[in-house]
Amino acid sequence: MSLLVINARLITVPAGTDDPGYIERGYMLVQGGRIAAIGAGDPDPGLTADETLDVDGKFVAPGFVSSHSHLFTSGSRGLGVDQTLYGWCTSMFSVLDNASPDQIYWATLHGSLDFLANGVTTAYNFTDPLLPWEPMIDGKRADGGGQLRDHAWHTRQADGCHDAGLRFVDSIALDATVGTDDEIFARFEASLDHVLAMDPDIALGASIMGQVQWSTRPDAAEIEVAVMDRFGVTNQAHFLETYEAIEHQQTKFQLYKNAGALRPGMMFGHFIQTTPEIIRDAAAGGASMSWQPASNGRLASGIAHVPEMLEQGMKVGMGLDDQACTDVADPWQNMRMGMFMQRARTHDPLSMMPERVLRLHTLGGAKIMGVDDRVGSLEVGKFADFVVVDPRKPDVGPLWNPVRSYVLACGLRNLTQVYVGGKLVNENGVSTNPLAVEASAVLHSQLPALAEEFGVIL
(Lines give C-alpha, C1' and ligand atoms only; values in the text may rest on other atoms or scores of the structure.)
Protein backbone atom coordinates (compact mmCIF):
# COMPACT_ATOMS: atom_id res chain seq x y z
CA MET A 1 0.00 0.00 0.00
CA SER A 2 1.11 3.56 -0.71
CA LEU A 3 0.23 6.67 1.28
CA LEU A 4 0.29 10.34 0.29
CA VAL A 5 0.41 12.83 3.17
CA ILE A 6 -0.66 16.36 2.21
CA ASN A 7 -1.07 19.79 3.81
CA ALA A 8 1.54 19.01 6.45
CA ARG A 9 3.75 21.24 8.54
CA LEU A 10 6.82 19.08 7.91
CA ILE A 11 9.78 18.85 10.28
CA THR A 12 12.25 16.61 8.48
CA VAL A 13 15.45 16.84 10.65
CA PRO A 14 17.72 16.13 7.65
CA ALA A 15 21.20 14.69 7.99
CA GLY A 16 24.30 16.77 7.36
CA THR A 17 22.99 20.03 8.79
CA ASP A 18 21.76 21.55 12.04
CA ASP A 19 18.71 22.97 10.28
CA PRO A 20 15.47 21.29 11.43
CA GLY A 21 14.24 21.16 7.84
CA TYR A 22 10.92 22.92 8.41
CA ILE A 23 8.44 23.13 5.52
CA GLU A 24 5.36 25.26 6.24
CA ARG A 25 3.09 23.28 3.93
CA GLY A 26 4.26 20.16 2.19
CA TYR A 27 3.67 16.56 1.22
CA MET A 28 5.23 13.16 1.66
CA LEU A 29 4.76 10.02 -0.44
CA VAL A 30 5.20 6.60 1.15
CA GLN A 31 5.70 3.47 -0.96
CA GLY A 32 6.59 0.05 0.35
CA GLY A 33 6.96 1.41 3.87
CA ARG A 34 9.62 3.95 2.89
CA ILE A 35 9.59 7.61 1.94
CA ALA A 36 9.52 7.89 -1.84
CA ALA A 37 9.16 11.65 -2.18
CA ILE A 38 8.92 14.70 0.06
CA GLY A 39 8.62 18.36 -0.75
CA ALA A 40 7.03 21.77 -0.32
CA GLY A 41 3.57 22.78 -1.55
CA ASP A 42 1.28 20.40 -3.38
CA PRO A 43 2.48 17.15 -4.95
CA ASP A 44 2.66 16.95 -8.72
CA PRO A 45 -0.70 15.96 -10.23
CA GLY A 46 0.76 12.64 -11.35
CA LEU A 47 1.84 11.74 -7.82
CA THR A 48 -0.89 9.47 -6.48
CA ALA A 49 -1.25 6.78 -3.83
CA ASP A 50 -3.67 4.12 -2.61
CA GLU A 51 -4.55 6.36 0.33
CA THR A 52 -4.34 10.11 0.91
CA LEU A 53 -3.93 11.53 4.41
CA ASP A 54 -4.83 15.22 4.60
CA VAL A 55 -3.43 16.38 7.94
CA ASP A 56 -4.82 19.91 7.47
CA GLY A 57 -1.91 21.89 8.88
CA LYS A 58 -0.81 19.48 11.59
CA PHE A 59 2.86 18.81 12.24
CA VAL A 60 4.34 15.72 10.61
CA ALA A 61 7.71 14.91 12.17
CA PRO A 62 10.03 11.91 12.55
CA GLY A 63 9.06 9.28 15.08
CA PHE A 64 11.18 9.68 18.16
CA VAL A 65 14.19 7.47 18.78
CA SER A 66 14.97 6.32 22.32
CA SER A 67 18.65 5.39 22.38
CA HIS A 68 18.43 3.90 25.88
CA SER A 69 15.37 1.94 27.02
CA HIS A 70 14.32 -0.92 29.30
CA LEU A 71 10.94 -1.91 27.91
CA PHE A 72 10.32 -4.84 30.25
CA THR A 73 9.82 -2.35 33.12
CA SER A 74 6.50 -1.03 31.82
CA GLY A 75 4.53 -2.75 34.60
CA SER A 76 6.69 -1.37 37.41
CA ARG A 77 5.97 2.36 37.44
CA GLY A 78 5.73 4.25 40.68
CA LEU A 79 8.11 2.01 42.66
CA GLY A 80 11.13 3.13 44.65
CA VAL A 81 10.17 6.79 44.54
CA ASP A 82 12.15 7.53 47.71
CA GLN A 83 15.29 5.81 46.37
CA THR A 84 18.26 6.62 44.19
CA LEU A 85 19.36 4.22 41.46
CA TYR A 86 20.38 1.09 43.34
CA GLY A 87 17.57 1.19 45.88
CA TRP A 88 15.09 1.83 43.10
CA CYS A 89 16.45 -1.18 41.17
CA THR A 90 15.99 -3.41 44.20
CA SER A 91 12.41 -2.17 44.61
CA MET A 92 11.51 -2.65 40.94
CA PHE A 93 13.12 -6.07 40.56
CA SER A 94 11.45 -7.38 43.71
CA VAL A 95 8.43 -8.15 41.53
CA LEU A 96 9.99 -8.86 38.14
CA ASP A 97 12.63 -11.27 39.44
CA ASN A 98 9.82 -13.74 40.09
CA ALA A 99 8.28 -13.50 36.62
CA SER A 100 8.30 -16.21 33.97
CA PRO A 101 9.65 -15.79 30.42
CA ASP A 102 6.10 -15.41 29.16
CA GLN A 103 5.33 -12.77 31.76
CA ILE A 104 8.45 -10.82 30.84
CA TYR A 105 7.30 -11.11 27.20
CA TRP A 106 3.99 -9.41 27.99
CA ALA A 107 5.73 -6.75 30.06
CA THR A 108 8.08 -5.99 27.14
CA LEU A 109 5.22 -6.00 24.64
CA HIS A 110 3.28 -3.61 26.86
CA GLY A 111 6.30 -1.31 27.09
CA SER A 112 6.84 -1.40 23.33
CA LEU A 113 3.22 -0.51 22.64
CA ASP A 114 3.48 2.29 25.19
CA PHE A 115 6.45 3.72 23.31
CA LEU A 116 4.51 3.61 20.05
CA ALA A 117 1.50 5.28 21.67
CA ASN A 118 3.79 8.13 22.71
CA GLY A 119 5.41 8.63 19.32
CA VAL A 120 8.59 6.60 19.87
CA THR A 121 9.05 4.38 16.82
CA THR A 122 12.62 3.08 17.36
CA ALA A 123 14.32 2.03 20.59
CA TYR A 124 17.61 0.67 21.83
CA ASN A 125 16.26 -1.93 24.26
CA PHE A 126 18.27 -3.31 27.15
CA THR A 127 16.88 -6.75 27.85
CA ASP A 128 16.85 -7.85 31.48
CA PRO A 129 19.95 -10.06 31.93
CA LEU A 130 19.85 -13.80 32.47
CA LEU A 131 21.60 -13.15 35.79
CA PRO A 132 19.07 -11.67 38.24
CA TRP A 133 19.67 -8.32 39.89
CA GLU A 134 21.86 -8.30 43.00
CA PRO A 135 21.59 -5.50 45.58
CA MET A 136 24.59 -3.15 45.55
CA ILE A 137 26.68 -2.36 48.61
CA ASP A 138 28.70 0.86 48.51
CA GLY A 139 28.26 0.95 44.76
CA LYS A 140 29.70 -2.55 44.32
CA ARG A 141 28.44 -6.10 43.86
CA ALA A 142 29.50 -8.67 46.39
CA ASP A 143 30.69 -11.37 43.99
CA GLY A 144 28.65 -11.26 40.78
CA GLY A 145 27.76 -14.94 41.03
CA GLY A 146 24.34 -16.51 40.86
CA GLN A 147 22.15 -18.81 38.82
CA LEU A 148 21.36 -17.88 35.23
CA ARG A 149 17.78 -17.90 34.03
CA ASP A 150 16.70 -19.97 31.04
CA HIS A 151 17.69 -18.54 27.65
CA ALA A 152 14.01 -17.89 26.91
CA TRP A 153 14.19 -15.01 29.41
CA HIS A 154 16.07 -13.07 26.75
CA THR A 155 14.39 -14.34 23.60
CA ARG A 156 10.89 -13.60 24.86
CA GLN A 157 11.85 -9.99 25.48
CA ALA A 158 13.06 -9.67 21.89
CA ASP A 159 9.82 -11.31 20.77
CA GLY A 160 7.83 -8.70 22.70
CA CYS A 161 9.47 -5.81 20.84
CA HIS A 162 9.04 -7.56 17.51
CA ASP A 163 5.38 -8.46 18.03
CA ALA A 164 4.56 -4.89 19.02
CA GLY A 165 5.96 -3.63 15.71
CA LEU A 166 8.47 -1.32 17.41
CA ARG A 167 11.78 -1.02 15.57
CA PHE A 168 14.52 -1.96 17.98
CA VAL A 169 18.16 -2.75 18.57
CA ASP A 170 18.36 -5.64 21.02
CA SER A 171 20.91 -5.14 23.79
CA ILE A 172 22.17 -8.39 25.29
CA ALA A 173 23.98 -8.76 28.62
CA LEU A 174 27.03 -10.99 28.62
CA ASP A 175 26.58 -12.04 32.26
CA ALA A 176 30.35 -12.35 32.24
CA THR A 177 30.71 -13.49 35.84
CA VAL A 178 29.10 -16.88 35.11
CA GLY A 179 30.81 -19.57 33.03
CA THR A 180 33.95 -19.74 30.93
CA ASP A 181 34.72 -17.23 28.21
CA ASP A 182 33.64 -19.74 25.58
CA GLU A 183 30.33 -20.19 27.39
CA ILE A 184 29.86 -16.41 27.55
CA PHE A 185 30.50 -16.13 23.79
CA ALA A 186 28.12 -19.01 23.08
CA ARG A 187 25.30 -17.46 25.13
CA PHE A 188 25.68 -14.17 23.31
CA GLU A 189 25.74 -15.90 19.92
CA ALA A 190 22.53 -17.80 20.72
CA SER A 191 20.78 -14.55 21.61
CA LEU A 192 22.20 -12.82 18.55
CA ASP A 193 21.00 -15.62 16.27
CA HIS A 194 17.47 -15.24 17.65
CA VAL A 195 17.43 -11.54 16.79
CA LEU A 196 18.99 -12.00 13.36
CA ALA A 197 16.27 -14.51 12.45
CA MET A 198 13.59 -11.82 12.91
CA ASP A 199 12.23 -9.38 10.34
CA PRO A 200 15.24 -7.10 9.74
CA ASP A 201 12.96 -4.13 9.14
CA ILE A 202 11.82 -4.39 12.78
CA ALA A 203 14.81 -5.98 14.53
CA LEU A 204 17.46 -3.50 13.39
CA GLY A 205 20.37 -5.30 15.01
CA ALA A 206 21.91 -6.40 18.28
CA SER A 207 24.31 -4.87 20.77
CA ILE A 208 26.05 -5.56 24.08
CA MET A 209 24.71 -4.33 27.40
CA GLY A 210 28.03 -3.20 28.83
CA GLN A 211 28.42 -4.13 32.50
CA VAL A 212 31.93 -3.06 33.46
CA GLN A 213 30.45 -0.56 35.94
CA TRP A 214 29.09 -3.43 38.07
CA SER A 215 31.27 -6.38 37.09
CA THR A 216 33.66 -7.98 39.56
CA ARG A 217 35.85 -9.25 36.68
CA PRO A 218 38.96 -7.11 36.19
CA ASP A 219 39.01 -8.08 32.50
CA ALA A 220 35.29 -7.36 31.86
CA ALA A 221 36.14 -4.60 29.36
CA GLU A 222 38.39 -6.95 27.38
CA ILE A 223 35.58 -9.52 27.21
CA GLU A 224 33.16 -6.90 25.87
CA VAL A 225 35.65 -5.70 23.24
CA ALA A 226 36.28 -9.29 22.18
CA VAL A 227 32.54 -9.81 21.65
CA MET A 228 32.27 -6.52 19.74
CA ASP A 229 35.06 -7.63 17.41
CA ARG A 230 33.98 -11.24 16.99
CA PHE A 231 30.33 -10.51 16.21
CA GLY A 232 30.54 -6.99 14.74
CA VAL A 233 28.18 -5.43 17.27
CA THR A 234 27.99 -2.19 19.20
CA ASN A 235 28.10 -1.78 22.97
CA GLN A 236 26.24 0.52 25.35
CA ALA A 237 27.35 0.60 28.97
CA HIS A 238 25.51 2.17 31.88
CA PHE A 239 28.38 4.27 33.09
CA LEU A 240 29.10 7.01 35.63
CA GLU A 241 25.37 7.14 36.26
CA THR A 242 24.69 7.51 39.96
CA TYR A 243 26.04 9.77 42.69
CA GLU A 244 27.11 6.82 44.85
CA ALA A 245 30.76 5.71 44.92
CA ILE A 246 31.86 8.20 42.27
CA GLU A 247 35.59 7.60 42.64
CA HIS A 248 35.09 3.84 42.31
CA GLN A 249 33.00 4.39 39.19
CA GLN A 250 35.55 6.70 37.60
CA THR A 251 38.37 4.18 38.04
CA LYS A 252 36.43 1.82 35.74
CA PHE A 253 36.80 4.24 32.80
CA GLN A 254 40.47 3.32 32.53
CA LEU A 255 39.45 -0.31 32.02
CA TYR A 256 37.52 0.61 28.88
CA LYS A 257 40.32 2.87 27.69
CA ASN A 258 42.99 0.20 28.18
CA ALA A 259 40.85 -2.39 26.41
CA GLY A 260 40.56 -0.23 23.27
CA ALA A 261 36.81 0.25 23.69
CA LEU A 262 36.84 4.03 23.13
CA ARG A 263 35.82 3.97 19.48
CA PRO A 264 32.77 4.32 17.23
CA GLY A 265 30.18 1.76 18.27
CA MET A 266 30.90 2.29 21.97
CA MET A 267 28.12 4.18 23.74
CA PHE A 268 28.05 5.37 27.33
CA GLY A 269 24.57 5.55 28.84
CA HIS A 270 23.98 8.39 31.33
CA PHE A 271 27.69 9.41 31.60
CA ILE A 272 26.97 11.93 34.36
CA GLN A 273 29.82 11.72 36.88
CA THR A 274 32.49 12.56 34.34
CA THR A 275 35.62 14.71 34.43
CA PRO A 276 36.90 16.95 31.62
CA GLU A 277 39.59 14.34 30.96
CA ILE A 278 37.06 11.51 30.69
CA ILE A 279 34.94 13.51 28.25
CA ARG A 280 38.02 14.41 26.21
CA ASP A 281 39.26 10.83 25.97
CA ALA A 282 35.84 9.39 25.12
CA ALA A 283 35.24 11.99 22.42
CA ALA A 284 38.73 11.64 20.96
CA GLY A 285 38.26 7.89 20.59
CA GLY A 286 34.91 8.25 18.82
CA ALA A 287 32.71 6.93 21.63
CA SER A 288 29.21 8.38 21.97
CA MET A 289 26.73 9.04 24.76
CA SER A 290 23.03 8.45 25.46
CA TRP A 291 21.33 11.08 27.61
CA GLN A 292 18.34 10.30 29.87
CA PRO A 293 17.42 13.57 31.60
CA ALA A 294 13.99 12.56 32.91
CA SER A 295 15.20 9.44 34.71
CA ASN A 296 18.39 11.18 35.85
CA GLY A 297 16.21 13.74 37.60
CA ARG A 298 13.73 11.20 38.99
CA LEU A 299 16.53 9.13 40.54
CA ALA A 300 18.55 12.16 41.75
CA SER A 301 21.50 10.94 39.67
CA GLY A 302 22.72 14.32 38.45
CA ILE A 303 23.03 16.32 35.23
CA ALA A 304 25.24 15.16 32.39
CA HIS A 305 27.53 17.78 30.82
CA VAL A 306 26.00 17.37 27.38
CA PRO A 307 26.95 20.77 25.86
CA GLU A 308 30.58 20.12 26.78
CA MET A 309 30.43 16.68 25.18
CA LEU A 310 28.93 18.10 21.99
CA GLU A 311 31.59 20.82 21.94
CA GLN A 312 34.26 18.09 22.02
CA GLY A 313 32.62 16.48 18.98
CA MET A 314 30.99 13.63 20.86
CA LYS A 315 27.84 12.19 19.29
CA VAL A 316 24.84 12.28 21.64
CA GLY A 317 21.40 10.71 21.48
CA MET A 318 18.50 10.81 23.92
CA GLY A 319 16.67 7.97 25.61
CA LEU A 320 13.61 7.54 27.81
CA ASP A 321 15.27 4.86 29.97
CA ASP A 322 13.09 2.68 32.21
CA GLN A 323 9.39 3.35 31.99
CA ALA A 324 9.52 2.51 35.69
CA CYS A 325 11.73 5.53 36.44
CA THR A 326 10.44 7.87 33.76
CA ASP A 327 6.87 6.84 34.64
CA VAL A 328 5.42 8.60 31.58
CA ALA A 329 7.48 7.69 28.51
CA ASP A 330 6.95 11.14 27.04
CA PRO A 331 9.64 12.32 24.59
CA TRP A 332 8.45 15.94 24.75
CA GLN A 333 8.77 15.89 28.53
CA ASN A 334 12.22 14.33 28.16
CA MET A 335 13.35 17.02 25.72
CA ARG A 336 12.07 19.85 27.88
CA MET A 337 13.58 18.43 31.07
CA GLY A 338 16.89 18.08 29.28
CA MET A 339 16.78 21.64 27.99
CA PHE A 340 15.79 23.11 31.33
CA MET A 341 18.38 21.15 33.33
CA GLN A 342 21.20 22.29 31.04
CA ARG A 343 20.08 25.90 31.05
CA ALA A 344 19.78 25.89 34.84
CA ARG A 345 23.24 24.34 35.14
CA THR A 346 25.04 26.58 32.64
CA HIS A 347 22.95 29.78 33.11
CA ASP A 348 23.03 30.01 29.32
CA PRO A 349 19.89 29.54 27.18
CA LEU A 350 22.06 28.84 24.15
CA SER A 351 23.59 25.79 25.83
CA MET A 352 20.56 23.74 24.77
CA MET A 353 18.12 25.05 22.17
CA PRO A 354 14.87 23.40 21.03
CA GLU A 355 16.20 22.56 17.57
CA ARG A 356 19.18 20.76 19.05
CA VAL A 357 17.27 18.74 21.60
CA LEU A 358 14.79 17.62 18.92
CA ARG A 359 17.66 16.40 16.76
CA LEU A 360 19.17 14.52 19.70
CA HIS A 361 15.87 12.66 20.30
CA THR A 362 15.48 11.69 16.64
CA LEU A 363 18.44 11.52 14.26
CA GLY A 364 21.01 11.87 17.05
CA GLY A 365 19.73 8.74 18.75
CA ALA A 366 19.66 6.87 15.46
CA LYS A 367 23.27 7.88 14.75
CA ILE A 368 24.76 6.57 17.96
CA MET A 369 22.79 3.33 17.49
CA GLY A 370 24.13 2.96 13.95
CA VAL A 371 20.70 2.94 12.31
CA ASP A 372 20.53 6.50 10.96
CA ASP A 373 20.55 5.15 7.41
CA ARG A 374 17.03 3.83 8.08
CA VAL A 375 15.36 5.94 10.79
CA GLY A 376 15.56 9.24 12.65
CA SER A 377 14.54 11.72 9.95
CA LEU A 378 12.05 12.18 7.13
CA GLU A 379 14.20 11.67 4.05
CA VAL A 380 13.75 9.78 0.82
CA GLY A 381 14.72 6.13 1.20
CA LYS A 382 14.20 5.95 4.96
CA PHE A 383 11.38 4.16 6.73
CA ALA A 384 8.21 6.24 6.87
CA ASP A 385 8.05 6.44 10.68
CA PHE A 386 6.31 9.63 11.69
CA VAL A 387 4.02 11.35 14.16
CA VAL A 388 1.07 13.63 13.44
CA VAL A 389 0.74 16.42 16.02
CA ASP A 390 -2.08 18.99 16.12
CA PRO A 391 -1.01 22.32 17.65
CA ARG A 392 -4.67 23.41 17.74
CA LYS A 393 -6.01 20.60 19.96
CA PRO A 394 -5.42 21.93 22.50
CA ASP A 395 -4.49 25.23 20.93
CA VAL A 396 -0.93 26.32 21.67
CA GLY A 397 -1.47 29.76 20.12
CA PRO A 398 0.34 31.44 17.23
CA LEU A 399 3.29 29.49 15.89
CA TRP A 400 5.86 32.28 15.95
CA ASN A 401 8.59 29.71 15.45
CA PRO A 402 6.91 26.42 14.54
CA VAL A 403 9.78 24.06 15.38
CA ARG A 404 10.33 25.67 18.76
CA SER A 405 6.60 25.54 19.47
CA TYR A 406 6.63 21.87 18.51
CA VAL A 407 9.29 21.16 21.14
CA LEU A 408 8.24 23.58 23.87
CA ALA A 409 4.45 23.77 23.66
CA CYS A 410 3.28 20.49 22.13
CA GLY A 411 3.21 17.07 23.71
CA LEU A 412 1.23 13.90 24.15
CA ARG A 413 -1.93 15.97 24.44
CA ASN A 414 -1.43 17.08 20.82
CA LEU A 415 -0.35 13.71 19.41
CA THR A 416 -3.09 12.32 17.18
CA GLN A 417 -1.49 9.56 15.10
CA VAL A 418 1.67 7.47 14.95
CA TYR A 419 2.82 5.67 11.79
CA VAL A 420 5.51 3.03 11.36
CA GLY A 421 6.45 2.25 7.78
CA GLY A 422 3.47 4.29 6.62
CA LYS A 423 1.04 2.15 8.61
CA LEU A 424 -1.10 3.56 11.41
CA VAL A 425 -0.07 1.97 14.73
CA ASN A 426 -1.79 4.27 17.19
CA GLU A 427 -4.54 6.86 16.95
CA ASN A 428 -5.51 9.13 19.83
CA GLY A 429 -3.83 6.78 22.28
CA VAL A 430 -5.50 3.62 20.98
CA SER A 431 -3.25 0.92 19.56
CA THR A 432 -4.09 -0.86 16.32
CA ASN A 433 -2.13 -3.93 17.52
CA PRO A 434 -4.49 -6.88 18.24
CA LEU A 435 -2.31 -7.89 21.22
CA ALA A 436 -2.70 -4.59 23.07
CA VAL A 437 -5.76 -5.53 25.13
CA GLU A 438 -4.23 -8.82 26.25
CA ALA A 439 -0.93 -7.17 27.19
CA SER A 440 -2.75 -4.76 29.47
CA ALA A 441 -4.85 -7.52 31.01
CA VAL A 442 -1.82 -9.69 31.75
CA LEU A 443 0.07 -6.89 33.48
CA HIS A 444 -2.88 -5.85 35.61
CA SER A 445 -3.65 -9.39 36.73
CA GLN A 446 -0.35 -11.27 36.84
CA LEU A 447 2.15 -8.77 38.25
CA PRO A 448 0.09 -8.02 41.39
CA ALA A 449 -0.46 -11.77 41.76
CA LEU A 450 3.31 -12.31 41.65
CA ALA A 451 3.85 -9.70 44.33
CA GLU A 452 1.27 -11.35 46.57
CA GLU A 453 2.55 -14.89 45.93
CA PHE A 454 6.14 -14.02 46.85
CA GLY A 455 5.27 -11.68 49.70
CA VAL A 456 6.86 -8.64 48.08
CA ILE A 457 6.63 -5.51 50.22
CA LEU A 458 6.49 -2.46 47.98
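This is a predicted model: local features need pLDDT of at least 70, side-chain atom pairs count only at pLDDT 80 or more; totals for chains, interfaces and linings use all residues.

Analyst: Happy to! (Ala, Val, Leu, Ile, Met, Phe, Trp, Tyr, Cys and Pro count as nonpolar, Asp, Glu, Lys and Arg as charged, the rest, Gly included, as polar.) Local features need pLDDT of at least 70 and side-chain atom pairs pLDDT 80 or more, while totals for chains, interfaces and linings use all residues. Numbering runs from 1 along each chain as its sequence is written, and side-chain values use heavy atoms, without hydrogens or water.

(On a 1 Å grid over the protein atoms alone, a 1.4 Å probe fits in a cavity but cannot get out; a pocket is open, with protein on both sides within 12 Å along at least five of seven lines; lining residues have an atom within 4 Å of a point. Volume is the space filled by probe spheres on the points, joined across faces, edges and corners.) Among its 26 lining residues, His-70, Phe-93, Trp-133, Met-209 and Trp-214 are closest to the centre. Two elements give two or more residues each, helix 1 (85-96) and strand 14 (321-322), and helix 1 gives the most, six. (Helices, H or I of at least four residues, and strands, E of at least two, are DSSP runs numbered from the N terminus.)

Helix 1 also meets helix 15: the buried residues of helix 15 pack against helix 1 and helix 2 (101-117). Those buried residues (under 20% relative accessible area, 1.4 Å probe, protein chains only) are Ala-439, Val-442, Leu-443, Leu-447, Leu-450 and Ala-451.

Helix 2 leads us on to the largest pocket, where it is one of the elements that give two or more residues to the lining. The volume there is about 460 Å³, and Gly-33, Val-420, Gly-421, Gly-422 and Lys-423 lie nearest the centre. Strand 17 (423-427) supplies the largest share, three residues. Why does this pocket lie between domain 1 (2-62 + 376-427) and domain 2 (64-369)? Because both domains give residues to its lining.

The second largest pocket, about 360 Å³, draws at least three residues from each of domain 1 and domain 2. Closest to its centre are Asp-18, Leu-310, Arg-359, Leu-360 and Lys-367. Helix 13 (residues 354-369) gives the most to this lining, with seven residues, and by class the lining has five nonpolar, four polar and six charged residues.

Definitions and conventions. Buried means under 20% relative accessible area, exposed over 50%, partly exposed in between (1.4 Å probe, protein chains only). Contact means heavy atoms within 4.5 Å. Domain bounds come from an automatic or database domain assignment.
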